[in-house]
Structure formats: C-alpha cells, structure tokens
Amino acid sequence: MEVLEPEVENKEIVRRYRRLLKFARPMLHDNDAALVRKAFETAVDAHKEMRRKSGEPYIYHPIAVAQICVEEIGLGTTSIIAALLHDTVEDTDMELSDIERMFGNKVMRIIDGLTKISGVTGNGQSAQAENFRKMLLTLGDDIRVILIKLADRLHNMRTLDSMPRNTQLKIASETIYLYAPLAHRLGLYSIKSELEDLYLKYTEKDTYLEIKDKIQQTKAARNKFIKDFMAPLENELAKQEFRVTIKGRPKSIYSIWNKIKKNKVRFEEIYDLFAIRVIIDTARENEKSACWQVYSIVTDVYKPNPDRLRDHVSTPKSNGYESLHTTVMSKSGQWVEVQIRSERMDEIAEKGFAAHWKYKENTEHTRENGIEMWLMQVRDLLENNKTSAIDFVNDFRNNLFAEEVYVFTPDGDLKILPAGATALDFAFDVHSQVGARCIGAKVNQRLVPISHKLVNGDQIEILTSAKQKPTEDWIKFVVTGKAISKIRESLKEDRKKLAMEGKEVLVRKLKGLKMNLNEETLTDLRKFFEVKSNTDLYCLFQDETLNVTDLKRYKEFLERKLTHEIAPEEQQALQDGKTFEKELKKVRTDTDSLLIGENQDKFDYTLSQCCNPIPGDDVFGFITVDQGIKIHRTSCTNAAGLMANYGYRIIKTRWASQKEESFQTGLHITGTDRVGLVNDVTKIISSQLKVNMRSISIGSKDGIFEGTIQLFVHDTLQLDKLITRLKKVGGIVSVNRFDA
C-alpha cells in the first residue's frame, strides 16, 4: 500500500475517528464523549511511531476495531475506550497501571484480558493455547473481552493480504478453530460467516474465488427468482395487515463450500444457495403468535417439507437465537428455506449477545435466556479447571459449534446440552459429584446405561453409587467440556497415586540391581522403554507391565555401551532428544521435491498420512517433537488445530519443480451402472494417462454403482486431468478425491 504524506495521513485518522463518533453518539452519555476522545488521543500518541505490515499508520487498526464494536456488535462506551487502547500495553511502553489511573478499573481489566502473555511457555506447552485460555477465562468475568477480541480478529482477517503466507495460514487457522465458533456461540452470525469466508480465502484461495465468481454469475437469475417467490407472499401478508420486510440472502461462500465437500456435489447441484427472511414489525408480547400466523400464510402459499420445520421461537437456541425455519417448494420446483422472525429477533440474530442484553434491559421480561444458561455453564467449567491449556481450549472449542438437545430434570427444569450428549453428560451438568458417581439413569422412566444418547424431550433421573468412580472409557462417550474436564481431573489424580506406588516399586528393583534412581537414570529409562513421561514410566512398573527382567535388559545395555560393544544407531536411543534445528539440517539426498523454510532449503521430511499431500497441493511443514518435519495439506482436517495451537512450529513450504516421483491418492466415483463401465474407467487410467493403480473396488446395487480407486500420480495437474476425463465417461455422475 502507498504511504501517504503525514498531513494527508493525519486528516485520514481524524476522518476515521469522526466516523466512529457518528455511530457511537447514540450510546454516549454524560462525560462519555470526553473519555472516548481522551482514549483516542492516548492511542494516537502511544502508536505514533508504529506502522502495520501494509505501511499504514498503526492507529488505523484500533479505530477500526472500535468501529466494529459499535457498528457491527452494538457495544457501548467502555468497549469503545478499551478497543482504542487494546494494543497499548502489549505493543507500547504503557502499563496496566497507567490505563487504570486514566480510565478506571473496568477498562484496565478488559485490556488485561486482551493482552497476550509475554514470553514463551516451557515444557513443550503452547504459548498460543495459554493465551487462548487466558482470554477465555474472562468469559466468567467480563464477556466484553471476547467481543472486542472478535472485533480485533475480524479486522486482522480483513487486512491479512499484507502478511507473509505462513502468518496468513496461522491466523486463518486460529480463526476457524476458535474465533468463528465463538462468534457462532455468542450469536454473531454475520461476523461468524465473514470470518469463515475469510478463512477460506486465505487457505483455499482458488476454491474461494471460484465459488464467489459463480455466486456473482447467478446473481441476476437469483434476484429474479427471489422477486417472483416473494410477490405472492407480500400480497397475502398485506391483505392480513402484517407489516413485514422480506429479503433474500445468499448463503456464505464457506457454507456452500462445506455443502460441496459434505455432499460430494458440484456448485450447480446445491439447491439451497439462499434463504428468504420474513421480518415482522410487531410488539414483543405478540411476537410468538405473529410468527406462527405468518408461518401459516407462507405454508398456504407454498407447500412445506414437514421434516424441515425448526421452532426456535418456543425454545430459543442457547446463544439467544429465535426464529421459525421452514423449507417450502417454490412454483418452479425448487426448495427454499424461509426464516420467520420479529425485528427484535433479527437484531439479536445479527448482533447476538450485545443485542440480547439491550432488549433485556429495556423490558420487564426476565425469563432466563439460553445464552445466560450457557454462560453459567462456562463459568462452572472455568472454575478449578486443572487441565493443560491445549486440553482446556480443545474441550471448550468442541462445545461451541454443536447443535443442541433439550431435555428435562425429574422436576421439569429445562437443560440444554450439545447434540450427542449422553446420560453421563447430563449427570455432570447437574453436579460434578453426581457425574463422578453416576452408575446409570432412568430416561422417561426406563433404565438406561450411562452411555445412552439423549434426544429432545427426554426426562432424566440419574442413579448414583458412592463406590462408583470415573474410568478411561467414560471419555469416549461424553461430549460436554465440563464432563471431559472433570473425568480427566479424576483420572489424573488416580494416575498420580498409581505413579507414586510405581516409583516406590522402581526404586526397590533398582536397588536390588545396585542402581540408584536419579534424573539421568530416569531420562535413560524413558528413552530405553520409549515412554513420554516419568508418570508413564512409574505406572508401567506399578501395573507390572515392566519388571525386574526388563531392568536387567536395560542394565546389560548400559554395560555394552560403556564397553563400546553397541552400534552407533543403538546409542542414539540414549542421547538427548533431537532438537528441531538438528532435524532441519538433515538434507535429503534422494528425490527432493519440497522447499522448506524462509530460505527455501531442502530438508528431511515425511508426507503426513492423514491427508496424503501430492505436488501441486497447497501445503505447510509442521515440526513434530520426535518425527522431524511432517508435510500437511492446508485443507487437512488436522491443519486448523495444529496451526491454532502450535503456530510457532509451522514452516513455510512449497513444491519445487517436480521429478518423476509418484504419490498415492484416491478417487471416489459414483454413477449409473452399465456393461463395460469398469473397462472404460481402467482404460483411461492405465492406457490413456499411464497412471499406476494400486487398487480398484466398485460395487453395484439396483443400477447404481459406487467405487474407490487408489492410484499413484505425479502431481495435482495429472490428477485433475484424470478427474476431468473420468467425468466424461458415460454413466459416471461424480468423481471426488479422497485421502487414500
């Protein structure tokens, strides 16, 4: 970006600040305007020498974050001030004490929550996960920290073009892993959708641009369809004197991409590319009846799909979302999703948590909202949480995107749990001790095991025993963060006790062999028996997996090493662990095809089996603890989690000019069966394109075939050419790559 003259830049800073004030003015009271100005001037002075990667003055960023807080989330004065100052403590000489003195304790606490932990955590822990945990802990204190952080992340994603590729991948992965699910849970659907779209833009740019282009190409036809669809509805609603706004809205690029992947279809085969929204202007006390009356009119005009009715008006989602959803058949034979809601419901759907509190404060209606219930659950999860930062973040994140199931206690109290929750999840939701002692449950008066999955409307009574305690198997069938966390804590305590017993056993057995237990011996024993921690080692001796015979083998190994009777490769097991730097210096001597790191050198690597990258795929390198560099596709199912939690281990990687190497991949094909089909397929693969097949499996039932082919290709160009040819074979409906 071109750097402007100082005078022009100053005018632009003032212009952006005035625009912020314009949107903030309705929320400012008493001395608020003066405080906002003071915060603005403080931020300008603190960041005066700083610039963003794009070359812009750094102050553009905090102003933009404050703008998002006001305009797109609906936050007030305290949040505006905190947003303007959110990077001062982390990036400038200002201290939290300065913030508290100038703007008070509330603003200081918010900025403290937004400030990353300085330094790198040791013991192999993830600094990113520690910072996520620090931020999430504020959910129990002041949720504005999370909302401002979402605004900060949204602006960073909007301006990610100027960042290097590996930074783009790291930030985009953090976004899809944690921030987009958080926005979803807090009801910020517009922000959630934009974050998801921007993630796709920076991880799979070609796919993003292709879908975006197709949405644009079909815009005229879509607008005409929406206009024709809405006309009879508008007439009927006007006749019955409903004041409504009807608008059509395309689905997000990311959601369309998900449908293409999940359903293995082409863009042209997705029928629900958009939704119609009917927004009713009505008093709050009439909302529910008005929504159902409008639903009746919609389903009189168009035939509904009875399986696609979703009533979030009678039972709102746990993030406060309220709406009636139905899918109806248009006159042209196309299914259309229709969402029916009031203006209040629509604002909550767009601005989520902030709008919920606005309406709560302006009404005597005090029924406990789902979002408040969720926050209570979050606070409960945060209390006394002793798991590692990564476990904590993963457990928390797993509950963010889950659909919900509505169940009842024996007294008729409503509980909202993630879809897939079991009787054991319900027990832990009631109380940690109830969960720990749960032996079974009665669901609708019928006895069921603790692993029983709950469905909407179930009424559950938990059965307990003082002799019961959590086991390893419990982790396999619980889904709530609270249950997972409490089970892990209990198992960890039990394991500590077993480890103490095992340590005593190990000390006794070593003494019998005239050996002592010290740090050096422990390190050697861990490597010799290939265990990760002292606790694991002690437990192996406690349960007698390892015994004195194994220790004699270890002692003999040491004696051979001291007398130089041992091969160098065997000695390697007793040396210090390989550092990342040593791993990077092992140069490949065979067929190099990847350039790794900032200097684009050639290092030793392995291709990850979870996604099987091939030349032409967009890839990154991940430095593992004990397996060197592993190469993953950026679209790998594990990519977001790796980059979100271990961004510091990501290495920039690209394919070099290719030699004649072969890489394994797989194709999934479907279509209508006919004589000679398999022969036509194999002829294209083997004879025409000279691709080596590893295996082919095709089955047919009632005239429909489905099959998988595992083969070896040189790169994505050869694979794409093969897919294009196969799609032209008579009878084949779809050809999709899968990770062989």
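**Exercise 1.** Which residue in E10 does Lys 442 stand opposite?

*Solution.* The model is predicted, with local features needing pLDDT of at least 70 and side-chain atom pairs counting only at pLDDT 80 or more, while totals for chains, interfaces and linings use all residues. Residues are numbered from 1 along each chain as its sequence is written, and side-chain values use heavy atoms, leaving out hydrogens and water. Begin with the strands, which are DSSP runs of E with at least two residues, just as helices are runs of H or I with at least four, both numbered from the N terminus. Strand E9 (residues 438-443) runs antiparallel to E10 and is joined to it by three bridges; two strands pair if DSSP finds at least two bridges between them. Within E10, the residue opposite Lys 442 is Leu 447.

**Exercise 2.** Is Phe 267 buried or exposed, and which residues does Phe 267 touch?

*Solution.* First locate Phe 267, which lies in the loop between helix H14 (253-263) and strand E2 (274-280). Phe 267 counts as buried because its relative accessibility is 7%, where buried means under 20% relative accessible area, exposed over 50% and partly exposed in between (1.4 Å probe, protein chains only). Leaving aside residues up to four places away in sequence, Phe 267 touches Ile 211, Lys 214, Ile 215, Thr 218, Ile 256, Ile 260 and Leu 273, a contact being heavy atoms within 4.5 Å. Finally, the C-alpha atoms of Phe 267 and Ile 256 are separated by 7.7 Å, with the two residues 11 apart along the chain.
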